[in-house]
Amino acid sequence: MRELKGASVAAAQQETTAKKIRMLAAKGVTPGLAIVRFSADRAAQMYGDFLAKSAAQAGLYVERVEPEENLTQEDALATIHALNQNPQIDGILLLMPLPPGLDRSSLVEAIAPGKDIDGLTPTQVGRLVTGRTAFVPATARAVLATLRHYEIPLAGKHAVVIGRSDVIGKPVAQLLLAANATVTICHSKTQDLPNFTRAADILVAAVGKAMMVTPDMVGEDAVVVDVGIHRVDGKTVGDVAPEALAKAQAATPVPGGIGSVTTALMLDAAVTAALRHHP
């Protein structure tokens, strides 16, 4: 099995991003990223810490919003609106989950589309679906960036995506469709799931359930992209069982696959937003 490691993909992306940062620096501009965390969720805190450190090391200005007691929907909306108006901020990343009492849809829709680097607002989703230039969720972009980096053919291939979330499954399917793949989306209500997955030339597992994809679900000539990451019995695993990954022609490892590429692309999106704000 050929391993599609994320390190080289991320490194190539980081160099591209660095060139953009140098272009902005020549104009006296520092790209700005706002990381907004309204909940006390430990995983969100750890990701926010890691992303802020990575952004600062890359040369971005970072502004963080941390949880407050008795936060109301109005308070959260006011925070988003203030960031929209802040000229130092080029990209806004709203971390999930949200605490009880906050409405996700209204908060996402409050983000200025030009600063929606995670591609969640209706404006960015609509641009993606209609084939226009758009910000796209970083994990979805990471899947395509990895496949392209390793020169995996996409046009005319049958791609099966397991998962239909707004942040991974649906945008990955749209990106694969734009690359001229024939795309099937499977989900929790799909009947006879292995029948679909075994027929895939490219299988993207984004279901959020540890080791759900078993060896009998993977064709021997398949390329498998495992988006999941979980801790099971002290080990880090993905949505695809290790035995199933080993059966594939090529696959992304977990850990060491899509995660580092996602981070690199998230930072690149903030820098790209800055370039658009300062043409």
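Over residues 4-118 the chain is 50% helix and 12% strand, with the end C-alpha atoms 24 Å apart, where helices (H or I, at least four residues) and strands (E, at least two) are DSSP runs numbered from the N terminus. UniProt, in an unreviewed entry, lists these residues 4-118 as "domain: Tetrahydrofolate dehydrogenase/cyclohydrolase catalytic"; UniProt positions are given in the numbering used here, feature names are shortened, and annotations may be inferred rather than shown by experiment. This is a predicted model, in which local features need pLDDT of at least 70 and side-chain atom pairs count only at pLDDT 80 or more, while totals for chains, interfaces and linings use all residues. Residues are numbered from 1 along each chain as its sequence is written, and side-chain values use heavy atoms, with hydrogens and water left out.

**Second annotated span**

**Overall fold and surface**

- The protein has 10 helices and 11 strands. Its radius of gyration is 19 Å, close to the 19 Å that the globule rule gives for 279 residues, so the protein is as compact as a globular protein of that length; the radius is taken over C-alpha atoms, and the rule is 2.2 Å times the number of residues to the power 0.38.
- The C-alpha trace spans about 50 × 45 × 40 Å along the principal axes of the protein.
- Of the 279 residues, 49% are buried, where buried means under 20% relative accessible area, exposed means over 50%, and partly exposed lies in between (1.4 Å probe, protein chains only).
- Among contacts between residues at least 6 apart in sequence, 71% join residues at least 24 apart, a contact being heavy atoms within 4.5 Å.
- The accessible surface comes to about 13,100 Å², of which 53% belongs to carbon and sulfur atoms; the areas come from the Shrake-Rupley method with a 1.4 Å probe, and for residues only the protein chains shown count as cover.
- The mean positions of the 26 positive and 27 negative charges are 6 Å apart. Lys and Arg count as positive and Asp and Glu as negative, whereas His and the chain ends are not counted, and each charge is placed at NZ of Lys, CZ of Arg, CG of Asp or CD of Glu.

**Helix α7 and its cover**

- In α7 (residues 169-178), the buried residues are Gly 169, Pro 171, Val 172, Ala 173, Leu 175 and Leu 176.
- The cover over these buried residues of α7 includes the helices α5 (122-129) and α6 (138-149), together with the strands β5 (158-162), β6 (182-186) and β7 (202-205).
- Just after α7, Asn 180 takes a positive phi of about 70 degrees.

**Selected residues and their contacts**

- Asn 86, in the loop between α3 (73-85) and β4 (91-94), is buried with a relative accessible area of 17%. Leaving aside neighbours within four places in sequence, Asn 86 is in contact with Glu 63 and Lys 115.
- His 149 is found in helix α6 and is partly exposed, at a relative accessible area of 35%.
- Thr 236, in strand β10 (residues 235-237), is partly exposed at 24% relative accessibility. Beyond neighbours within four places in sequence, the contacts of Thr 236 are Ile 229, His 230, Arg 231, Val 254 and Pro 255; the C-alpha atoms of Thr 236 and Val 254, 18 residues apart along the chain, are separated by 6.9 Å.

**Backbone exceptions**

- Most residues other than glycine have a negative phi, and most peptide bonds are trans.
- The peptide bond from Met 96 to Pro 97 is cis, with omega near 5 degrees, and Pro 97 is found in the loop between β4 and α4 (104-110).
- Val 254 and Pro 255 are also joined by a cis peptide bond, with omega about 0 degrees; Pro 255 is found in the loop between β11 (250-251) and α10 (258-277).
- Asp 192, which is not a glycine, has a positive phi of about 55 degrees and is found in the loop between β6 and α8 (193-197).
- Met 211 has a positive phi near 50 degrees; this residue lies in the loop between β7 and β8 (223-226) and is partly exposed, with a relative accessible area of 32%.
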